[in-house]
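I opened this notebook to keep track of what I looked up, one topic per entry. The entries follow the order in which I went through the model.

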Amino acid sequence: MRRADRLFRLVQLLRMSRLVTANRLAEELPIRGEAGVGYSLGRGFDLPPLMFTEEELEALVLGARVVQGYADQGLARAADSALAKIELVLPDVLRGRARNSALMVPTFQRRDRIPQLGVLREALRTKSRVQFRYVDRDGKSSRRTVRPLALAFWGKTWSMASWCEWRLDFRNFRVDRMFDIDLGKGFTDEPDKNLDAFIRQVTRGMASPKL
């Protein structure tokens with residue numbers, strides 16, 4: 001029996017009643033038990049090791065390489081570590097394919113050009129306001145205080161969706177145009193100023209991204 005089927009059957013049994021006895025589980029699933037000793041799975045019910053299909057593995061490697069090339073140093077190191085952990089559980093054949101994958105992510109920008117991502121990710125995790133100097137496409141500079149809502153990668157550039165406390169409206173800011181970034185006071189989500197509200201406004205066509 002596949003692991004997914006086994007888990008599905010177990011969940012269904014538990015959902016059918018507020019309390020399911022050990023005897024009932026033993027009847028429905030090949031579980032052996034002895035008072036004072038413990039429980040064990042019957043033959044054929046041992047969990048298979050973690051395994052990926054070739055396409056799943058390619059997706060993981062490609063995603064990690066995108067992060068390595070276009071994110072900040074912290075995320076790049078995390079991607080390296082994640083790939084190393086995945087390789088540990090792969091059989092030799094797949095381990096070789098992971099290391100020698102021909103899916104490449106050419107990058108002509110250096111990671112040290114986007115160090116802002118690290119502090120912005122921290123702001124998202126801690127729900128902290130972000131204060132920074134922003135230079136728009138015309139070279140005009142302004143100071144902003146915003147509530148960060150999300151970071152988005154557009155293939156070559158990153159942007160930050162936010163509630164701007166100067167404009168009192170939603171705004172997108174290109175990360176590579178943000179300078180002198182500091183974290184400010186924390187904030188709590190408000191229904192009309194959170195990410196869901198931002199997405200609703202954009203999808204309704206009421207506001208276009210201003211970069």
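This is a predicted model: local features need pLDDT of at least 70, side-chain atom pairs count only at pLDDT 80 or more; totals for chains, interfaces and linings use all residues.

I started with Leu168, which counts as exposed at 60% relative accessibility; here buried means under 20% relative accessible area, exposed over 50% and partly exposed in between, with a 1.4 Å probe and protein chains only. Leu168 sits in the loop between E5 and E6, and its phi is near 55°, a positive value in a residue other than glycine. I noted that helices (H or I, at least four residues) and strands (E, at least two) are DSSP runs, numbered from the N terminus. Lys127 has a positive phi as well, near 50°, and is likewise a residue other than glycine. I found Lys127 in the loop between H6 and E3, where it is partly exposed with a relative accessible area of 34%.

Residues are numbered from 1 along each chain as its sequence is written, and side-chain values use heavy atoms, with hydrogens and water left out.

**The sheet.** In what order do the five strands of the open sheet lie? I read the order as E6-E5-E4-E3-E7, with antiparallel pairing, where two strands pair if DSSP finds at least two bridges between them. E6 and E7 stand at the edges with a single partner strand each, so one side of each has no neighbour in the sheet. From one strand to the next the twist averages 45°; for such angles, axes are lines fitted to C-alpha atoms, for helices over the stretch in contact, and the angles run from 0 to 180 degrees between N-to-C directions.

**Strand by strand.** I then went through the pairings and wrote down a bridge partner for each. E4 and E5 run antiparallel and are joined by seven bridges, and Phe153 has Trp158 in E5 as its bridge partner. E3 and E4, also antiparallel, are joined by six bridges, and Tyr134 has Ser142 in E4 as its partner. The hairpin of E3 and E4 has five residues between the strands, and in it Gly139 takes a positive phi near 85°. E3 pairs with E7 in the antiparallel sense over five bridges, with Leu183 in E7 as the bridge partner of Val130. Because six of the eight residues of E3 are buried, this strand is largely enclosed by the rest of the structure.

**Salt bridges.** How many salt bridges are there? The count comes to 10, a salt bridge being a side-chain nitrogen of Lys or Arg within 4 Å of a carboxyl oxygen of Asp or Glu. One of them joins Arg133 and Asp180, with the closest N and O atoms 3.1 Å apart. Arg133 lies in strand E3 (residues 128-135) and Asp180 in strand E7 (residues 178-186), so this pair ties together parts that are 47 residues apart in sequence. Arg133 is partly exposed at 29% relative accessibility, and Asp180 is partly exposed at 49%.

I looked next at Arg147 and Glu165, whose side chains meet in a salt bridge at 3.2 Å, N to O. Arg147 is in strand E4 (residues 141-153) and Glu165 in the loop between strand E5 (158-164) and strand E6 (169-174), 18 residues apart. Is Arg147 buried or exposed? Arg147 counts as buried at 7% relative accessibility, whereas Glu165 is partly exposed at 29%. Glu190 and Lys193 form a salt bridge at 3.8 Å, N to O, and a network of salt bridges links Arg129, Arg147, Glu165, Glu190 and Lys193.

**Two helices.** My last entry is on helix H3 (residues 54-70), which packs against H5 at an angle of about 35°, their axes being 10 Å apart. Glu54, Leu57, Val61 and Arg65 in H3 meet Leu94, Arg97, Ala98 and Arg99 in H5, contact meaning heavy atoms within 4.5 Å.
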